[in-house]
Amino acid sequence: MTDVTASPFPRALPRYREPVRQRGRTALIVLFVLIALAGVVGGVILSLTAGDSEGTGLSLFYAMIPLPLLWLVYWWLDRYEPEPRRYKFAAFVWGGVVAVAIAISVEVWAQKAFDLSEDATASFIAPLAEEPAKCLFLLLTFVRARRVIDGVLDGLVYAGIVGIGFAFIENIGYYASSYTGSADYQLAGAEGATSTFIVRGLFSPLAHPLFTSAFGIAIGLAVSQRSKIARVLTCAVGLLVSIGLHALWNGSLSYDESGVAFVLAYLALGSLLVVIAVVAIIARVRQVRVLERSLSYVAQRGWIHPAEIPYLSRFSYRKAARRYAKQNYGKVAAQAVARYQRLASEMAFLHDALMSGRSKPDGVQRTYALLDEMYALRPLLRLPPALHSTTRHY
């Protein structure tokens, strides 16, 4: 299947450059790096409001604890058609810095302008300020680069990462406030910060991602709609649902001292989270079928060898292919296989979209450019011996 008599491997693979690059990409990357640095400074300053080194350390430590697990969840969802890392980084930065800054500005202004109580601000103004601020990233990403968000799973991934970033910075403030023992917290010091962490970091770490997921699903559905009016209406409904879920959560905490409303809201949102998880898993399984179907069509056209399909579509075989290349031909061979797999996945999903009649910016040009990149890797490609057919025929 591969030519083992090809020229020796180079010491390293050439750096990969996307065949079709967006204008202003470098400037946006620099801008978000600067915003991220400002966010780091802001997060540290926020933690310092705890008053001493113990409170500062606890605020930062507790806020970071859920991050690895939350990232793992969305990394798992995003494995088959990985989104560009720069966009995922930008989503986290937007949620933690830009969305927080917008939301705080609106909330402070509204509270002063309308002389609102803390409960009213949290229940009504916070959802109206925070959800549009978070969802704006997905909307701007869709407008700037329609090829980035091309389905429900992509919408869920970006919505979740924005929510993680927002919750991370917000939690630092909550832990610092609970450490100082403000009026909203019965305990103070380490006990206060720990009790708040149990509620926010252990029992509800997915609250903000869940709220924003409604809009993520909506914008993922809007991608496949040809009518602009239908797209706008779908996104509007998604935003309203995000706001409503957030208001339900905050209102149950603010206006029911008995805790019954909070328990009911918690159970309702927990059930919704399970539903969204099921939707995400179904969408992920569908990606496998789409990938196999598209690769089968591509093989029929002679663009790839049919024996490559298992090593490009199923995670167990993909991993086995990389391991085989590394054990028999070295690290660079494994890197070549990994890049070939990524290119093939992107090409296959793009090809399927075009064959399904969906409009993709520069779709044909990008498809052929990705195939060219795959062909360029063939002299270095070392795949295991061919398997018996494990893919469906379409």
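View 1. The model is a predicted one, in which local features need pLDDT of at least 70 and side-chain atom pairs count only at pLDDT 80 or more, while totals for chains, interfaces and linings use all residues. Residues are numbered from 1 along each chain as its sequence is written, and side-chain values use heavy atoms, with hydrogens and water left out. The side chain of Asp78 meets that of Lys88 in a salt bridge, at 2.9 Å from N to O; the term requires a side-chain nitrogen of Lys or Arg within 4 Å of a carboxyl oxygen of Asp or Glu. This pair links distant parts of the chain, since Asp78 lies in the loop between H3 and H4 and Lys88 in helix H4 (residues 85-114), 10 residues apart. Lys88 is buried as well, with a relative accessible area of 15%.

**View 2. Glu170 and Arg200 joined by a salt bridge.** Between the side chains of Glu170 and Arg200 the N to O distance is 2.7 Å. The pair connects distant parts of the chain, with Glu170 in helix H6 (residues 152-180) and Arg200 in helix H7 (residues 189-202), 30 residues apart. Glu170 is buried, its relative accessible area being 17%. In total, the structure holds 6 salt bridges.

**View 3. A nonpolar patch on the surface.** Leu69, Leu72, Val73, Trp75, Trp76, Ile281 and Val285 make up this patch and together have about 660 Å² of accessible area, computed by the Shrake-Rupley method with a 1.4 Å probe, where for residues only the protein chains shown count as cover. Patches consist of residues with over 30% relative accessible area and no salt bridge, like charges being joined within 9 Å and nonpolar side chains (Val, Leu, Ile, Met, Phe, Trp, Tyr) within 5 Å. Helix H3 (67-77) and helix H10 (260-300) each supply at least two residues of the patch, and H3 gives the most, with 5 residues. Val285, found in helix H10, is partly exposed, with a relative accessible area of 41%.

How values were computed
Helices (H or I, at least four residues) and strands (E, at least two) are DSSP runs, numbered from the N terminus. Buried means under 20% relative accessible area, exposed over 50%, partly exposed in between (1.4 Å probe, protein chains only).
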